[in-house]
Amino acid sequence: CILQSRCRLNLINLNNEYFDNLTGVYVIWSGNDMSNIITVGKGNIRDKIIEMQIDKTVQESGSDLFVTWASVQNVSLEGVEAFLCSRLNPRIPHSVSDIDLINVNLP
């Protein structure tokens with residue numbers, strides 16, 4: 001990973017204890033910059049990244065896939081995810097709850 005904020009989706013070592021009980025939001029993109037956002041999600045980061053590593057739609061959405069994440073308290077997960085989806089317009093859309101957006105710094 002580069003500064004622990006830009007990791008290759010398919011090469012990241014998820015066995016590291018850092019990921020134990022890590023809950024938050026994640027963003028996956030293709031290429032060297034973040035102009036091609038593939039998907040945004042929330043939950044247990046280890047479990048979600050594993051899902052994205054085997055998700056055919058994600059894997060076929062671009063080459064050179066990267067992921068970044070941020071720890072977020074459970075009470076704020078849906079609002080942060082909704083904000084990220086509204087700002088980043090991921091290529092793989094998914095419905096988010098009709099909830100107040102929680103503004104965060106964009107990756």
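Colleague: What counts as a helix or a strand here?

Modeller: The model is predicted, so local features need pLDDT of at least 70 and side-chain atom pairs pLDDT 80 or more, while totals for chains, interfaces and linings use all residues. Residues are numbered from 1 along each chain as its sequence is written, and side-chain values use heavy atoms, without hydrogens or water. On that basis the protein has three helices and four strands.

Colleague: In what pattern do they follow along the sequence, and how does the radius of gyration compare with the globule rule?

Modeller: The pattern is β-β-β-α-α-β-α. The globule rule, 2.2 Å times the number of residues to the power 0.38, is set against a radius taken over C-alpha atoms. For 107 residues the rule gives 13 Å, and the protein is close to that, so it is as compact as a globular protein of that length, with a radius of gyration of 13 Å.

Colleague: How many salt bridges are there?

Modeller: A salt bridge is a side-chain nitrogen of Lys or Arg within 4 Å of a carboxyl oxygen of Asp or Glu. By this rule the count is four.

Colleague: Which parts does the pair of Asp 64 and Arg 8 tie together?

Modeller: The closest N and O atoms of this salt bridge are 2.0 Å apart. Asp 64 is in the loop between helix 2 (56–59) and strand 4 (65–71) and Arg 8 is in strand 1 (residues 7–8), so the pair joins parts 56 residues apart in sequence: that loop and strand 1.

Colleague: Which helix holds both Lys 48 and Glu 51?

Modeller: Their side chains meet in a salt bridge of 3.8 Å, N to O. Lys 48 is partly exposed at 25% relative accessibility, and Glu 51 is partly exposed at 39%. The two residues are three apart, about one turn, in helix 1 (residues 45–54).

Methods. Buried < 20%, exposed > 50% of the residue type's maximum accessible area, 1.4 Å probe, protein only.
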